[in-house]
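Try each task before reading its solution.

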Amino acid sequence: MLLPYAARVLWGKPVLSINQTIFSKEPEFASILRNCFNAFNTVSVREPASYRRALELGIKGVTLCPDAAFETEPASTPIEALLNPAPTREFFCVTGSMSLHKHYWEDYLEVIRRAAVEHDLEVVFLCSTLADIKFSLEAKSRLRDLNVLVAPSGMGYRDVARIISQCKFLIGGRYHLAILAASTGTPFVLLPSSTHKTSGLIELLDYSLPVRRFDDIDGLREDIGRALGEHAALSAHLKKQMKKVKLLRAEGLELLANTLREIERGSQQPQSD
């Protein structure tokens, strides 16, 4: 944040802060965040929790513009071309999380095992980071009685969205993969991330399944049961909410476009306390 602040205040360069999650655990950073963000030409956040936090901090002119990942359209590629080997029956998708530390692995593996056994499903891991890959390898080693598949790393969003669109539900704490689930009408069970962005996503979508802790095995088991038992209703709700999200996104993009026009006219000056 220091370099954009210097660019705006010291050198007078336009700075647009977009697609932000505004979050801090340390109260002493409040004034720093306020001064930095208020110096920028515009600040756009991607979910309601960050929007409220921005207002609490006194950040001026903040807008809510949902993430561009909501615009993702699934590819038409056959699943057999994306996953090798391909699932042989119905499956659910598993992701990691920034908050999935090793002391939660045992609990999360138990949740995955129960979901697969109780609902007769195969498991497909979608890995966003090296930590996700390590966890998926641990799962393949520990869950040898199940059919555990791992999607190739580095897949494009449209291919990942295609896989998610074909699964029964998605579980995990990766923000963008949950968005891909929502955009395809696929029920999801959200786990914590490193900030409030996952709870903000639940609020944005007015989604009835809460964010659960990794060690809330019974609660997650209940939510998985709902994701499957209420699949049609949850899917319909997500598709309905997508229309609202895209409208909100269009409004946010128009505000950003207005800011760019103001910059071109040279009418914006930095502000700070």
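Predicted model: local features only at pLDDT ≥ 70, side-chain atom pairs only at ≥ 80, totals over all residues.

Residues are numbered from 1 along each chain as its sequence is written, and side-chain values use heavy atoms, with hydrogens and water left out.

**Exercise 1.** Find how many disulfides the structure holds.

*Solution.* Start with the criterion: a pair of cysteine sulfur atoms within 2.5 Å. Applying it gives zero disulfides. Take C127 next: its nearest cysteine sulfur belongs to C93 and is 11 Å away. Finally, check burial (under 20% relative accessible area; exposed is over 50%, partly exposed in between; 1.4 Å probe, protein chains only). C127 is buried because its relative accessibility is 16%, and C36 is buried because its value is 9%.

**Exercise 2.** Locate W11 and decide whether it is buried or exposed.

*Solution.* First, trace the chain: W11 sits in the loop between α1 (2-9) and β1 (16-20), with helices (H or I, at least four residues) and strands (E, at least two) taken as DSSP runs numbered from the N terminus. Next, read the accessibility: W11 has 53%, so it counts as exposed.

**Exercise 3.** Identify which helices each supply at least two residues of the lining of the largest cavity.

*Solution.* List the lining residues (an atom within 4 Å of a cavity point): they include V111, R114, I217 and L220. Then assign them to helices: α5 (105-118) and α10 (217-229) each supply at least two.

Methods: 1 Å grid on protein atoms, 1.4 Å probe; cavity = no way out; pocket = protein on both sides within 12 Å on 5 of 7 lines; lining within 4 Å.
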